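Reader: I have not looked at this one before. Can you walk me through it?
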Amino acid sequence: MDDNVILHGLWQRCMQGGTAANSRQEARVLYARGITLEETLQFLFHAQPAEGDFLSWIAARTRPLPAEALLPHEDVLTDADLQFWKEHGYLVLRNAVPYTQCLAAQAAIWEFLDASPDDPASWYKTHPGKRGLMLQFSDHPALAANRHNARIRRAYQQLYGKQAIYASVDKASFNPPETDTYNFIGSPLHWDTSLQQPIPFKLQGMLYLSDCPAGHGAFHCVPGFQHQAGDWLASVPPGQGPREWAIEHLRPVPVEGQAGDFIIWHQALPHCASANHGPFPRMVQYLTYLPEDGEDQAIWI
């Protein structure tokens, strides 16, 4: 479908008080311009613009793709990488992003939060852009440089076995250390997809912007769960919600990494962040590539 038709449909539905019925297509069109669906919906519902004004807003917000995003595909994963992936359902790309780019992204986050690495009190200040550990922050050149990293895109393409994929425009995350007055506020073990079987083959990913040993707020997941999801769901006792049951009965493991390491995981793996017992905030950038022909389960369970 033509991009202009998709944008017209999005504007028309919102002006009629509806929702984004074709959110996957709309997200793809917006992501290609460096815009999130969330901020677009906020603009439409709050500003109630004429269609011409909406398209002008889109044009003003559009960010050109860097040259690295247009490089042709080549395989970057080894046979050992692929065997590990097949067994565990996740993979770590070591040194996927240069350390200098991680420092640039860190600096952008500090500026966004009006905080400083040298002032621990500033790590805990309230901020309108904080949503738990997540930051409403995605539009910055330093984040875009990481988002369009060729090695990350090529790894996604190799795992999907498809060239036609597109990058999401996801948020950054800021997880400061626990203190006597601050407790971890992240989500417990969870999935970001419906558990209706079969769970479609889609991938998720995140970039460590700072070094992250196991106890410093590391990403956790349940390795290999993509092979047992159906049997496990069938074993959940009647009357028990599988998502709540998972928190009590599944045991995730930490995935350590250094700044520049990128984690890709199968969306069937339950996963979570964890409390930070280190000396410094854990910073990450989320980045998912999705297949252009991807589908989701219609029923959410």
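Author: What follows is a short tour, from the whole chain down to single residues.

Reader: Fine. What kind of model is this, and how are residues numbered?
Author: This is a predicted model: local features need pLDDT of at least 70, side-chain atom pairs count only at pLDDT 80 or more, and totals for chains, interfaces and linings use all residues. Residues are numbered from 1 along each chain as its sequence is written, and side-chain values use heavy atoms, with hydrogens and water left out.

Reader: How many helices and strands does the chain have?
Author: The chain has ten helices and twelve strands. Helices (H or I, at least four residues) and strands (E, at least two) are DSSP runs, numbered from the N terminus.

Reader: And what is the radius of gyration?
Author: The radius of gyration is 20 Å, close to the 19 Å that the globule rule gives for 301 residues, so the chain is as compact as a globular protein of that length. That radius is taken over C-alpha atoms, and the globule rule is 2.2 Å times the number of residues to the power 0.38. The C-alpha trace spans about 50 × 50 × 45 Å along its principal axes.

Reader: What share of the residues is buried?
Author: Buried residues make up 49% of the 301. Buried means under 20% relative accessible area, exposed over 50%, and partly exposed in between (1.4 Å probe, protein chains only).

Reader: What about contacts along the sequence?
Author: Take contacts between residues at least 6 apart in sequence: 84% of them join residues at least 24 apart. Contact means heavy atoms within 4.5 Å.

Reader: Is β6 buried or exposed?
Author: Six of the six residues of β6 (residues 203-208) are buried, so this strand is largely enclosed by the rest of the structure. Leu 203, Gly 205 and Leu 207 point one way, while Gln 204, Met 206 and Tyr 208 point the other way, and all are buried.

Reader: Which strands does β6 pair with, and over how many bridges?
Author: With β9 (residues 262-266), β6 pairs in the antiparallel sense over five bridges, and Gln 204 has Trp 265 as its bridge partner there. Three bridges join β6 to β11 (residues 282-286), again antiparallel. In β11, Val 284 is the bridge partner of Tyr 208.

Reader: What is on the β5 side of β11?
Author: β5 and β11 pair in the antiparallel sense over four bridges. Val 284 turns up here too, as the bridge partner of Ser 173.

Reader: What is the order in the sheet of three strands?
Author: That open sheet runs β8-β7-β10, with antiparallel pairing. β8 (253-255) and β10 (271-272) stand at the edges with a single partner strand each, so one side of each is left without a neighbour in the sheet. Three bridges join β7 (residues 219-221) to β8, where Cys 221 stands opposite Val 253.

Reader: Switching to the loops. Where is the cis peptide bond?
Author: The bond from Gln 197 to Pro 198 is cis, with omega near -5°. Pro 198 lies in the loop between β5 (172-175) and β6.

Reader: Why point that out?
Author: Most peptide bonds are trans, and most residues other than glycine have a negative phi.

Reader: Which residues have a positive phi, then?
Author: Gln 48 is one of them, with phi about 50° although it is not a glycine. Gln 48 sits in the loop between α3 (37-47) and α4 (51-61) and is partly exposed, at 44% relative accessible area. Asn 95 also has a positive phi, near 55°. The loop holding Asn 95 is between β1 (90-93) and α6 (99-113), and at 57% relative accessibility Asn 95 counts as exposed.

Reader: What does Thr 36 touch?
Author: Not counting residues up to four places away in sequence, Thr 36 touches Leu 30, Tyr 31, Ser 138 and Val 169.

Definitions and conventions:
Pairing = 2+ DSSP bridges.
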